[in-house]
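Here is a friendly walk through one protein model, from a single residue out to the whole fold. Please keep the structure open as you read.

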Amino acid sequence: GMQALSASSFFPNLMSLDIGSNNIGAAGIQALARSSFFPNLMSLDVASNRIEDAGMQALAGSTCFPNLTSLNVFEGGIGAAGIQAFAASPFFPNLSIFCISKNQVGDVGIEALAASPLYSQLASLNVSANEIGNAGLQRFSASPFFPNLTSLQLFANRIEDAGVQSLVASPRFPNLRSLDM
């Protein structure tokens, strides 16, 4: 499946690829991340595939998606290591929509994203159901790197009053229009 798609040169104008819920796994995403046949891809949805940290690390190291504006890795079995690699990746300068909902990112993962100046163009971030606690939200709330964020989804985490207080007291999100806690 993914090996064949990744090796196909017949879709040079493909702008959107949704391969969610297809048991792709890390090996399939690694193959896709090596493919140079999708230079115009703007939207990639790999939701509900167990890509895990290895798949996310492969995406993070890929130079094959220079025009990607939307990435959905919902329920991918991704932990802090996968998000740490992605947060350090300079290869997604146009990413404006990022869904990492229902993974195991935790405080370490959200703190890595919060410390990265590489994603200041993000407009929508969904980190719901990721075992994020007060410490992670506090660091995220203090980050100067999300001035363009208009939508933030944080529901189903371990956030308590202290985390919420840090978010509502933060001047770092001047364009936020939608908050889902």
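Glycine 55 touches Ala26 and Ile29, leaving aside residues up to four places away in sequence; a contact here means heavy atoms within 4.5 Å. The model is predicted: local features need pLDDT of at least 70, side-chain atom pairs count only at pLDDT 80 or more, and totals for chains, interfaces and linings use all residues. Residues are numbered from 1 along each chain as its sequence is written, and side-chain values use heavy atoms, with hydrogens and water left out.

Glycine 55 belongs to helix α3. Is this glycine 55 buried or exposed? With 0% relative accessibility, glycine 55 counts as buried, where buried means under 20% relative accessible area, exposed over 50% and partly exposed in between, using a 1.4 Å probe and protein chains only. The C-alpha atoms of glycine 55 and alanine 31 are 9.4 Å apart, although 24 residues separate the two along the chain.

Now to the nonpolar core, meaning a set of buried Ala, Val, Leu, Ile, Met, Phe, Trp, Tyr and Cys residues joined through side-chain atoms within 4.5 Å. The largest one has 49 residues, and Met56, Leu71, Phe98 and Phe140 touch the most other members.

Helix α5 deserves a look of its own. Seven of its nine residues are buried, so α5 is largely enclosed by the rest of the structure. Among these buried residues are Gly106, Ile110, Glu111 and Leu113. Their cover includes α4, β5 (124-126) and α6.

Stepping back, the protein has seven helices and seven strands, running α-β-α-β-α-β-α-β-α-β-α-β-α-β from the N terminus on. Helices (H or I, at least four residues) and strands (E, at least two) are DSSP runs, numbered from the N terminus. The radius of gyration is 16 Å, close to the 16 Å that the globule rule gives for 181 residues, so the protein is as compact as a globular protein of that length. That radius is taken over C-alpha atoms, and the rule is 2.2 Å times the number of residues to the power 0.38. Of the 181 residues, 50% count as buried.
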